[in-house]
Amino acid sequence: MAPPYKVNKEKLTKDLSDLGIQKGSILMVHSSLSSIGIVEGGANTVVDSLLSLLGKDGTLIVPTFTYPADYPDSKNPDWIFDPVRTHSGMGSITNAARKRPDAFRSIHLWHSVAAIGPLAKTIVNSGTTSAWDSESPMSSAFRNGAWILMLGVPYLNLTAIHVWEVELKVDYRQDYDVYRRLRQEDGSIVQLVSTVHDRKDDHPGSDFNRFGERLESIGKVQLGVVGNAVARLFKAEDAYNLAKTMYFEDQRCFLKQTDPVTELKYGKTIQNKKGIQCVIDTDKIYTTDKTLS
Ligand SMILES: CC(C)(COP(=O)(O)OP(=O)(O)OC[C@H]1O[C@@H](n2cnc3c(N)ncnc32)[C@H](O)[C@@H]1OP(=O)(O)O)[C@@H](O)C(=O)NCCC(=O)NCCS
């Protein structure tokens with residue numbers, strides 16, 4: 001077995017820069033820290049690298065979702081969403097980002113995001129109770145020219161598709177409001193209303209890898225390697241245009257049509273105890289086995 005890949009901030013920043021992250025851009029990142037290898041300084045180093053490449057005019061956005069799988073208590077109407085304290089279930093890089101003093105977090109029972117940068121406050125304070133409608137933080141970022149980075153994770157994690165499913169009014173989702181509680185900055189507790197766009201009972205499951213393979217086939221993805229992680233960078237606008245094309249060809253294009261879902265051709269896709277990862281060498285992901293390092 002090969003030793004895990006060791007990556008410091010310099011190497012990480014070079015790999016991310018080679019991939020094509022541009023200064024001053026808006027960037028939404030879905031990530032897996034361990035897919036990269038052993039990162040010196042951990043998740044905070046990844047956030048530092050991303051922020052240094054984006055520069056003072058760029059804005060970083062991460063999903064800070066709080067699904068019932070991670071928060072079984074959130075099924076309880078008395079559950080309190082605390083934007084400052086409630087951990088993100090979307091990985092350690094997202095928690096490192098949301099804890100930065102200059103980070104802002106949107107308000108939603110399940111689908112909040114955190115953002116850092118000049119557009120962060122505007123993006124998160126969307127004023128809608130939905131996380132995916134046309135006024136939502138993600139929608140507003142995508143409309144303003146955002147890029148999306150899948151860092152060591154497959155297209156299955158591409159939440160943008162849900163935003164476009166809502167816009168395209170897919171017939172396999174239903175909208176309703178969910179009521180919980182929210183801790184405000186001054187400590188007071190108020191009602192939290194979150195609009196959700198839930199799967200209908202006959203939803204067969206999603207396959208966004210199928211979409212991603214097609215996006216790659218038309219040359220719209222900057223495909224590369226960050227440490228040992230497969231990294232995919234693309235413009236939300238290009239992905240949105242393809243989403244519309246595919247939907248008008250087939251209204252069930254984002255749904256599972258094969259079992260298992262579409263296999264990604266580049267790199268290796270593996271399942272660890274927490275989620276699915278895209279890596280170059282399965283032996284080189286992070287391990288706690290000290291005899292290897
Ligand atoms: C679930 C998911 C986050 C798991 O990825 P992961 O790499 O196993 O976990 P994290 O990114 O949280 O990183 C923490 C892990 O990195 C590893 N790690 C610890 N220190 C590390 C370091 N210095 N360098 C690298 N890895 C390290 C450990 O395995 C740690 O797990 P532990 O906390 O259980 O010990 C990932 O597979 C995923 O799905 N990410 C995308 C989420 C998303 O955006 N979803 C959108 C909606 S579907």
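Predicted model: local features only at pLDDT ≥ 70, side-chain atom pairs only at ≥ 80, totals over all residues.
Residues are numbered from 1 along each chain as its sequence is written.

The strand names come from DSSP: helices (H or I, at least four residues) and strands (E, at least two) are DSSP runs, numbered from the N terminus. Two strands pair if DSSP finds at least two bridges between them. With that in hand, β9 and β10 pair in the antiparallel sense over eleven bridges. Another facing pair along these two strands is Arg-181 and Gln-191, the latter in β10. Five residues sit between the strands in the hairpin of β9 and β10, and there Gly-187 takes a positive phi near 90 degrees.

The bridge partner of Ile-80 in β9 is Arg-181, and that of Phe-81 is Leu-182. Put together, this is an open sheet of three strands in the order β5-β9-β10, with mixed pairing. Because β5 (80–81) and β10 (189–199) stand at the edges with a single partner strand each, one side of each is left without a neighbour in the sheet. As background, strands of a sheet pair through backbone hydrogen bonds, either parallel or antiparallel.

Now zoom out to the whole chain. Its secondary structure comes to eight helices and 14 strands. The radius of gyration (taken over C-alpha atoms) is 19 Å, close to the 19 Å that the globule rule gives for 293 residues, so the chain is as compact as a globular protein of that length; the rule itself is 2.2 Å times the number of residues to the power 0.38. Along the principal axes, the C-alpha atoms fill a box of roughly 50 × 50 × 35 Å.

On the inside, 42% of the 293 residues count as buried. Here buried means 20 or more other C-beta atoms within 10 Å of a residue's own, exposed means 12 or fewer, and partly exposed is in between, with C-beta atoms placed from the backbone. Of the contacts with a separation of 6 or more, 73% come from residues 24 or more positions apart.

The largest nonpolar core has 76 residues, and Leu-27, Leu-60, Ile-61, Ala-115, Ile-148 and Ala-160 touch the most other members. Such a core is a set of buried Ala, Val, Leu, Ile, Met, Phe, Trp, Tyr and Cys residues joined through C-beta atoms within 7 Å. Take Ile-61: leaving aside neighbours within four places in sequence, it is in contact with Ile-26, Leu-27, Met-28, Val-113, Ala-115, Ile-123 and Ala-141.

Helix α7 (residues 208–217) has its own buried set, namely Phe-208, Asn-209, Arg-210, Phe-211, Gly-212 and Leu-215. The cover over these buried residues includes α6 (160–167), β12 (229–235) and α8 (236–249). Just after α7, Gly-219 takes a positive phi of about 75 degrees.

Then there's the ligand. Around it are 25 residues, of which Leu-33, Ser-34, Gly-91, Gly-275 and Tyr-286 come nearest; near means a C-beta atom, placed from the backbone, within 6 Å. The elements giving two or more residues to this shell are β2 (26–31), β3 (38–39), α3 (92–98) and β14 (276–279).

Lys-23 is found in the loop between α1 (9–19) and β2, and it counts as exposed because it has 12 C-beta neighbours inside 10 Å. Not counting residues up to four places away in sequence, Lys-23 touches Leu-53, Leu-54, Gly-55, Asp-57 and Gly-58. Lys-23 and Gly-58 are 35 residues apart in sequence and 6.2 Å apart in space, C-alpha to C-alpha.

In the loop between α6 and β9 sits Lys-169, whose phi is near 55 degrees, a positive value in a residue other than glycine. Lys-169 has 7 C-beta neighbours inside 10 Å, so it counts as exposed. Finally, Pro-260 lies in the loop between α8 and β13 (268–271), and the peptide bond from Asp-259 to Pro-260 is cis, with omega near 5 degrees. For context, most residues other than glycine have a negative phi, and most peptide bonds are trans.

Note on methods:
Contact = placed C-beta atoms within 7 Å.
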